[in-house]
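This briefing covers the overall build of the structure shown below.

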Amino acid sequence: MSTMSLVGALNAGLRKSMADDDRVILMGEDIGTLGGVFRVTAGLREEFGADRVVDTPLAESGIVGTAIGLALRGYRPVCEIQFDGFVYPAFDQIVSQLAKFRARSGGRVSLPIVIRIPVGGGIGAVEHHSESNESYFAHTAGLRVVSCATPDDAFHMIQQAIQSDDPVIFYEPKRRYWDKGEVLDQSDRNLHEARVLREGSDCTLVAHGPTVATALAAALAAAEDGFSVGVVDLRTISPLDLSTLEEQTMTSGRVVVVHEASTFLGIGAEIAAAISESCFYSLRSPVLRVGAFNMPYPPAKVEDAFLPSVDRVLAAVDHAMNY
Amino acid sequence: MSRQTDSQSTTKTRPVPPTLSVITEGSPLSFVNPDGTLTADGEAHGIDIELTRGLYREMLLARTLDREALSLQRQGELNLWLMCLGQEAAQIGSVAALLPSDMIFPSYREHAVALYRGVTPAELLVQWRGLAHSGWDPRKYNLQMAALVLGTHTLHATGYAVGARMEQTDEVVAAYFGDGATSQGDVNEAFNWASAGSLPVLFICQNNQWAISTPTSVQSGGQIFRRAAAFGMPTWFVDGNDVLAVHAATTAAAAHIRLNGGPALIEAETYRMAGHSSSDDPTRYRSDEELESWARRDPLTRIEKLLRLMETPESFFAELDESAERLGAEVRDACRNLEPTELADLFGNVYAEPHDSLEAERRSYQESARALAGVNR
């Protein structure tokens, strides 16, 4: 066990995967000599060489497209997309090529590729550097989508994602990159399993990635007011771990989903629909959503008003309690 | 019928002749005139009669397959067919100059390439009968699935070549695409990537003059092969209706790649004699005169004339006709005997490892299918 930042945990997880399996290749813009703009890959080129930690041309479609070619040869590429808003040039390669390849090949060809995307806002960045685009990929059959929130999960989930024989979109919460936490040597948790961080009998908050900490803070504040509010860290978006969500709904009867993406057709909408279908008689209020507004990510000076805050989460909990 | 055996007989290694240095100016390299006589370059290069017969045979069989498939589409046996009529020389000349171990990334019109590599008619037609999205195991033939989103596969070829370079093999990775695809960002990214990484990719552009209804004059502002210079690649500009010139250019380009490592570009100037697909009506956008002028440059006719000028025995043509007839019958039988596909079988193809929500949908589908079967009984 050791204490690491989320960046450090990702770095350690990548190092372990590369040491364990020489088919693992990292590729992306500025990840080699520089170690990535967030330093997630720092030191790895020195350790594993320029062939395995590849500074690519500045071309996201090329990064994913060539990763597909490498995977066809038996490699296990891990692509870094520098910022969430830069993934769209690769959208076709991800959605039409990577995601569909196995189905198109009649199950003959699998592509074990991980696409790492630093995601979300809260870092005062210029436009295109703060987006939450998980719904696009979760809506695409053939992809797996996961989102880590803590150093421990970052360390274990990146290794599990690399071991998966399917393509995995791996979200990293960039405003939590420097948060520190305990990292255990082993994990008995499967990649596609949600985690109950806190049980609650009045309401359950469901969050992933950067909003997990927000949800925990809100749950603590609610406890001070005498409410028992639980928190589920989704960890996996495709597939969703519905059984954990259903169990928590049965206990609390109220669910508030919190994410940075806009609520319109977001993951919260899917969770609300799924829980309504399976837990209708256990619900004491409608499933509520707290997320971004349906507008392009705003300029940095107003992002605090745009992002789901503890106050907005508490207001939703109040609304659910008083329904 | 083993096409792979045929291919081996036509892929013997030849030295790179001096006339095939990089061609970046003037008219395309051509060996055989439309009347079957040799051009000056053809005279200088010399003609290998066995090679010529082998290539002619492959072109004729590809044309047979194409004709039968279109006819099956017209009879309602295929949902769609994308004809390769007129492009047999560009495809056969190039694929025959590669080694069987060279991986190929094709687009959707490379039926002649597929047939040459040994893909069976059943494996070829299953996609166009609407039963699958692809029909063959790419590893069996070193031939990947056909790319339908144009140009995307040039990046896959480039990535595949990254592996070849790392493993220090002498493989050439070939990507086939058309004039239309060269407008795509992915193709230009692949050119740049392959060149920056000095990767063994052979980019084979069949410029068939038309991207559905868009002519090359609207497609791009300059000749395609001229782009190679800016990307730092050698290029060969060749008459794509001249199978011997295409074969020689591809041999030279592949040899260059194996020797020097970096990528190369071939532009084979050819013509899509049929519509874009069985659904297309090319009379809406191009003239009979244009079609007739290209019909006079037909890739098979000129080689047949050459072979006759070279006193090929009539028995060669008679035997070939019999082979073509057998292939035609095989194509028709294969098409009609394709097994049906069940939706339930497709759930398992999406993910390599279990995916809970898709598994739930599979169970739900199977239950509702059973329930419906009960109702209908």
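**Contacts and overall build**

In chain A, 81% of the contacts with a separation of 6 or more are between residues 24 or more positions apart. The model is predicted.

Fold and dimensions of chain A
- Twelve helices and 14 strands are found in chain A.
- Chain A is as compact as a globular protein of its length, because its radius of gyration of 19 Å is close to the 20 Å that the globule rule gives for 323 residues.
- Along the principal axes, a box of roughly 60 × 40 × 40 Å holds the C-alpha atoms of chain A.

Burial, surface and charge of chain A
- Of the 323 residues in chain A, 61% are buried.
- Chain A carries 41 negative and 27 positive side chains. The centres of these two sets are 4 Å apart.

Domains of chain A
- Domain 1 of chain A covers 2-183, and domain 2 covers 195-321.
- The contact between them involves 23 residues from domain 1 of chain A and 24 residues from domain 2 of chain A.
- Taken over C-alpha atoms, the centres of domain 1 and domain 2 of chain A are 26 Å apart.

Domains of chain B
- Chain B is assigned domain 1 (3-341) and domain 2 (343-377).
- The C-alpha centres of domain 1 of chain B and domain 2 of chain B are separated by 41 Å.

Technical notes. Residues are numbered from 1 along each chain as its sequence is written. Chains are lettered from A and ligands numbered from 1 in the order in which they are written. This is a predicted model: local features need pLDDT of at least 70, side-chain atom pairs count only at pLDDT 80 or more; totals for chains, interfaces and linings use all residues. Side-chain values use heavy atoms; hydrogens and water are left out. Helices (H or I, at least four residues) and strands (E, at least two) are DSSP runs, numbered from the N terminus. The radius of gyration is taken over C-alpha atoms; the globule rule is 2.2 Å times the number of residues to the power 0.38. Buried means under 20% relative accessible area, exposed over 50%, partly exposed in between (1.4 Å probe, protein chains only). Contact means heavy atoms within 4.5 Å. Lys and Arg count as positive and Asp and Glu as negative; His and the chain ends are not counted. The place of a charge is taken as NZ of Lys, CZ of Arg, CG of Asp or CD of Glu. Domain bounds come from an automatic or database domain assignment.
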